[in-house]
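Subject: Structure handover

Hello,

Here is the structure for your files. Please open it next to the notes below.

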Amino acid sequence: MESFDIYVTFTGGDRMKESHKESELREALTRLTQGPAAAGGLIREVKVVDALDCTCFLSKYDDERRCHRVVFPPPPPRAA
């Protein structure tokens with residue numbers, strides 16, 4: 001099973017790294033992008049990197065919307 005590192009950047013500039021197996025990744029991302037710390041604006045960025053050091057996911061806090069938005073992979077275009 002593949003493993004991933006999650007790099008978290010907090011509002012004050014501090015950083016944290018978590019390591020997760022593929023089966024744990026969704027729960028960790030939900031906690032870090034929608035949990036109390038994220039909702040309170042304490043987490044500025046969440047980046048997921050795979051074993052080859054490739055970025056798989058990037059979310060940043062949007063000050064205007066007051067929530068996290070996915071930067072990478074880009075969301076599909078909206079239908080007109």
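The notes below go from the overall fold to the strand pairs.

This is a predicted model, in which local features need pLDDT of at least 70, side-chain atom pairs count only at pLDDT 80 or more, and totals for chains, interfaces and linings use all residues. Residues are numbered from 1 along each chain as its sequence is written, and side-chain values use heavy atoms, with hydrogens and water left out.

**Overall**

The protein has 2 helices and 5 strands. Their order from the N terminus is β-β-α-α-β-β-β. Both types are DSSP runs, numbered from the N terminus (helices: H or I, at least four residues; strands: E, at least two).

The C-alpha trace spans about 35 × 35 × 20 Å along its principal axes. Of the 80 residues, 32% are buried, meaning under 20% relative accessible area with a 1.4 Å probe, protein chains only.

**Strand pairs**

Strands count as paired if DSSP finds at least two bridges between them.

- β3 (residues 43-49) and β4 (residues 55-62) run antiparallel, joined by 5 bridges. V48 has F57 in β4 as its bridge partner. This hairpin has 5 residues between the strands, and D53 takes a positive phi near 70 degrees.
- β4 also pairs with β5 (residues 67-72), in the antiparallel sense, over 5 bridges. Here L58 has F72 in β5 as its bridge partner. This hairpin has 4 residues between the strands, and R66 takes a positive phi near 60 degrees.

Best wishes

Technical notes: Buried < 20%, exposed > 50% of the residue type's maximum accessible area, 1.4 Å probe, protein only.
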